[in-house]
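This report describes selected side-chain and helix contacts in the structure shown below.

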Amino acid sequence: MQWILTALGATAAAGLELLEALAIILAVGASRRWRDALLGAGAAVVACLAVAAALGPALLAQASGDPLRVIVGVLLLLFGLEWLRKGVLRLAGRRARSSSAAEYDETRSELEDDPLPPPGRPDWAGRIVAFKGVLLEGIEVVLIVSALGARPGGLAPALVGTTIALVLVVGLGVWARRPLSRVPETELKCGVGVVLTTFGTFFCAEGLGVDWPGGDLALLYVGAVVAAVAAVQVAALARPAARVKA
Amino acid sequence: MSVLRELRKLVLGETWVLPLGVAALLAASLILRAVAPDLWEDAGGFLLLGGVVGLLAAVSAGSASRRRNR
């Protein structure tokens with residue numbers, strides 16, 4: 001149960017972040033030069049791998065057993081609740097929906113004012129935009145995957161999920177050559193928020209000595225409660241806006 | 001500096017209420033575990049879950065009202 005949910009959570013979380021990174025690379029490549037876009041993105045990937053190589057062993061060296069479960073739980077709660085908060089606001093119409101296509105357009109217009117250097121000269125504006133965009137999305141992937149993978153037995157499903165996401169997103173990018181506008185990113189992000197919050201609550205309580213009734217099955221009822229409360233919040237916060245429109 | 005600000009937002013989120021709320025939940029859990037260990041072992045998970053969903057409800061309602069007031 002934990003293996004499948006961890007892999008699913010890592011696939012969805014990494015996939016959504018990588019979609020946003022892909023939109024930035026595509027925007028730089030399409031509006032500037034592909035070489036500079038890929039160089040900037042490649043440098044960011046190296047930086048993210050360095051962070052992952054430093055973070056994983058450091059996390060495991062500092063804590064093990066129950067303290068590690070609490071640390072992982074708190075990290076997952078921070079990520080999960082933030083994703084859920086934004087998801088609730090977006091689904092309630094209080095915030096713009098999450099869209100890689102919008103990010104693509106924003107990045108293109110951000111670069112419009114910078115003149116492209118002559119052929120043979122490096123395009124630092126394009127490289128920096130690609131580097132910064134991929135670095136920020138990539139570090140979020142590293143933090144979430146490290147948190148999901150840091151507990152005993154969690155590394156394999158977290159890495160499998162991330163690899164699946166990477167293959168899917170790179171494949172989509174090569175095939176489509178522009179961001180996908182039909183992916184329901186807001187709903188998927190809300191789902192990831194539910195999964196991360198569920199794991200966070202489960203591990204935090206387990207690390208503090210709680211004996212969950214049903215063992216791993218608790219993940220199902222904890223997830224159901226979190227999803228139900230998020231749905232109720234969406235309905236409650238959407239109602240006043242609907243009245244205003246009517 | 002903007003990259004550092006973005007990194008802080010990545011880890012702690014856009015609002016301070018959420019990390020402070022999670023810290024308060026953790027502190028309350030530790031106190032309850034020390035005061036009533038048997039109760040905590042049996043019902044602590046549900047109490048923590050209640051706190052988590054309460055925090056979610058509070059923080060999303062708070063964010064919505066701040067956006068409405070802008």
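## Charges over aromatic rings

In this predicted model, the charged end of A:R127 is placed over the ring of A:W124, 4.8 Å from the ring centre.

## Aromatic pairs between chains

Over all chains, six aromatic pairs are found in the whole structure. One of them joins A:W212 and B:F46 in an edge-to-face geometry, with 5.9 Å centre to centre and 75° between the planes. This pair crosses between chains: A:W212 belongs to the loop between α7 (185-207) and α8 (218-245) of chain A, and B:F46 to helix α3 (residues 37-69) of chain B. A:W212 is buried, at a relative accessible area of 4%, whereas B:F46 is partly exposed, at 39%.

B:F46 also pairs with A:Y221, and here the rings are stacked, 5.9 Å centre to centre with 15° between the planes. This contact likewise crosses between chains, from helix α8 of chain A to helix α3 of chain B. A:Y221 is partly exposed, with a relative accessible area of 28%. Ring pairs link A:W212, A:Y221 and B:F46 with A:F199, A:F202 and A:F203 into a cluster.

## Packing of α1 and α5 in chain A

Helix α1 (residues 2-31) of chain A packs against helix α5 (residues 124-149) of chain A at an angle of about 175°, and their axes are 9 Å apart. The two helices are therefore roughly antiparallel. Among the residues in contact are A:A13, A:E17 and A:I24 of α1(A), and A:V134, A:E137 and A:I144 of α5(A). The residues of this contact comprise 13 nonpolar, four polar and four charged.

Methods. Residues numbered from 1 in each chain as written. Chains lettered and ligands numbered in written order. Predicted model: local features only at pLDDT ≥ 70, side-chain atom pairs only at ≥ 80, totals over all residues. Heavy atoms only, no water. Axes fitted to C-alpha atoms, helices over the stretch in contact; angles between N-to-C directions. Helix = DSSP H or I, 4+ residues; strand = E, 2+ residues; numbered from the N terminus. Parallel < 35°, antiparallel > 145°, perpendicular 65-115°, else oblique. Contact = heavy atoms within 4.5 Å. Nonpolar A, V, L, I, M, F, W, Y, C, P; charged D, E, K, R; others polar. Phe/Tyr/Trp six-rings, centres within 6.5 Å; stacked < 30°, edge-to-face > 60°. Buried < 20%, exposed > 50% of the residue type's maximum accessible area, 1.4 Å probe, protein only. Lys NZ or Arg CZ within 6 Å of the ring centre and 35° of its normal.
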